[in-house]
Amino acid sequence: MKYKAKLSLLALSVLAGAGCYELASATTVFSSARSWTGTGHASIGSTYGKHSVGLAGQDVLTFDSSGLRSSWTAPAMSVFGGAHVLTSIAQTHSMGFHEHTFVHGNLAGRTDNLDLLYTYQTNLTALRRVQPWYIRFWDAGTYFNVVEICDLAAASLPSYGNPADLESHLFLSFRACPEGGGACAGGVLEVQVDTAISQWWIRSNQQGTQVTLRKPDGTRFSNECMPISVTSYGEQSRQYLAVGDPSWDEISLFDANRLWEGPLGSLRVADTTRNIKDVYVEGRGDGSTDYAFLAVLWRGSTSATLEHSVAVNGTFASDATHLIETVPSDVLFIEGRGLGAEGTSAALYTYGSRVIQRTYQ
C-alpha cells in the first residue's frame, strides 16, 4: 500500500519555488453518466478558449469551469462507416481558429486502426484519414511493427503553424510486435506527417529516432497500452513526456525531444490493489530549473486515488508525491484544459459517472 511520505528539504524547496498546491474545490460540471473511452484537451476557437475533452464512445464533449460547452455526436461516423470507439484526441496548435486537431479510434470490437484522423481547426465534422506510411523500427537487433495505437498527446503550440513543422510535436503510445515473432511490447513515439497531412510515420533526425520500447531499467515495456501526457506552454526549457506503465506501477519521464535516450527519471510505487490508469502533466520553468507536475490516476476494482508528484529537471525525489486524494472508484480518466502551470490556478477534471472539476491553489 502507498503512503503519504514526509516532504524532504528538496521537495519542499521545489514546491515552495513552483507553488505548493492543495485541493481548493471540487465542482460537478456534468452529471449525466457516460461510458468514457478517452480524454484530451483542446482549444475551441478564440472565443471559447481551452477545454478539457471527454470521448464517450462515438461522441466528443468539451468542458470548462462553466460545465459542458460543446459536443459532437459521432463526428467520425463518415470515416468509420459503422459503430466505433474514440480513444484519444490532441492538438498540435491551439491558436484560436488555427488549431490542428488529431483524433484516434477503432471500429467497435477491434484495436487495429492505425490511421489518425485529422481536421484543421476544431471542425470535428470534417475529419479525414492520415494513413501510416512507415511504422517499422529497429530495437536491439529486431524489427518491430506498430500494431495498435493507444493514446495521443501533443505539446500544443499557441501559435500559427502546420503539423509538419519541426516545432510541431505529436506523440502516441502504442503496442508493437517483432516481425519474426516473439513477445510484443508497449512503447511511445513521435509522429511526423507530410505537408498534405495525409500520411504519418515515426519522426527521426540526425541524432536519433523518436521511438522507444524501453523502461528505465533498460528492459522493454510490458505488452500493454500505456497512458501518456506531455507538457506544453510554461517557461520550461524543454518539454517532458510522462508515460504510465500499468503493470509495473511506474511513471517514466522522458525528454520529449530525445525519446531514444530513454527516461530521465522514474517514480515507482508498487500497489497490489490498484494500477496506473491515466496520467496528466503540466510544466513550469523557473530560471534554469524545469518542473513537471504530474497527476496520476490509480484505479482498482473497488477504489481509486489521485496522486500528485513533481519532478525537477526530469528527476523525481524519492518522496516526490505530495498530495494523495481518494476519488470515486468509477473514475476512468483525468484531464486538464491544457493551460499549463503558469496560470493563477490549476484545474483537473475527473471523468466517471460525473465529470468533476478539481481546482488547486
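Ile197 sits in the loop that joins strands S13 and S14, strands being DSSP runs of E of at least two residues, numbered from the N terminus. The structure is a predicted model, in which local features need pLDDT of at least 70 and side-chain atom pairs count only at pLDDT 80 or more, while totals for chains, interfaces and linings use all residues. Residues are numbered from 1 along each chain as its sequence is written, and side-chain values use heavy atoms, with hydrogens and water left out. The phi angle of Ile197 is near 55°, a positive value in a residue other than glycine. Most residues other than glycine have a negative phi. Ile197 counts as buried because its relative accessibility is 4% (buried is under 20% relative accessible area, exposed over 50%, partly exposed in between, with a 1.4 Å probe and protein chains only).

Asp249 likewise has a positive phi, near 55°. Its place is the loop between strand S17 (240-245) and strand S18 (250-255). With a relative accessibility of 5%, Asp249 counts as buried.

Asp249 is also one of the residues that line the largest cavity, together with Ile251, Leu267, Val269, Val296, Trp298, Glu307, Ser309 and Thr321. On a 1 Å grid over the protein atoms alone, a cavity is a set of points where a 1.4 Å probe fits but cannot get out, and a pocket is an open set with protein on both sides within 12 Å along at least five of seven lines; lining residues have an atom within 4 Å of a point. The volume of the largest cavity is about 70 Å³, a volume being the space filled by probe spheres set on the points, which are joined across faces, edges and corners. Strand S21 (289-299) and strand S22 (304-312) each supply at least two residues of this lining. Thr321 belongs to strand S23 (residues 315-327) and, at 11% relative accessibility, counts as buried. Its side chain makes a polar contact with the side chain of Ser309 at 3.0 Å (a pair of N or O atoms within 3.5 Å; within protein, one must be able to donate a hydrogen and the other to accept it, and residues adjacent in sequence count only if both atoms are side-chain atoms).

Four cavities of 30 Å³ or more are found in the whole structure.

The largest pocket holds about 640 Å³ of space. Its lining comprises 43 residues, and Cys150, Asp151, Pro227, Asp278 and Phe333 lie nearest its centre. Among the strands that each supply at least two lining residues are strand S2 (38-43), strand S11 (142-154) and strand S20 (275-286). The largest share, eight residues, comes from S20.

The largest nonpolar core has 27 residues, of which Phe102, Leu116, Phe137, Leu172, Phe174, Leu189 and Trp200 touch the most other members. Such a core is a set of buried Ala, Val, Leu, Ile, Met, Phe, Trp, Tyr and Cys residues joined through side-chain atoms within 4.5 Å. Strand S8 (116-120), S11, strand S12 (170-178), strand S13 (185-193) and strand S14 (199-202) give two or more residues to this core, with S11 giving the most, five residues.

Notes. Helix = DSSP H or I, 4+ residues; strand = E, 2+ residues; numbered from the N terminus.
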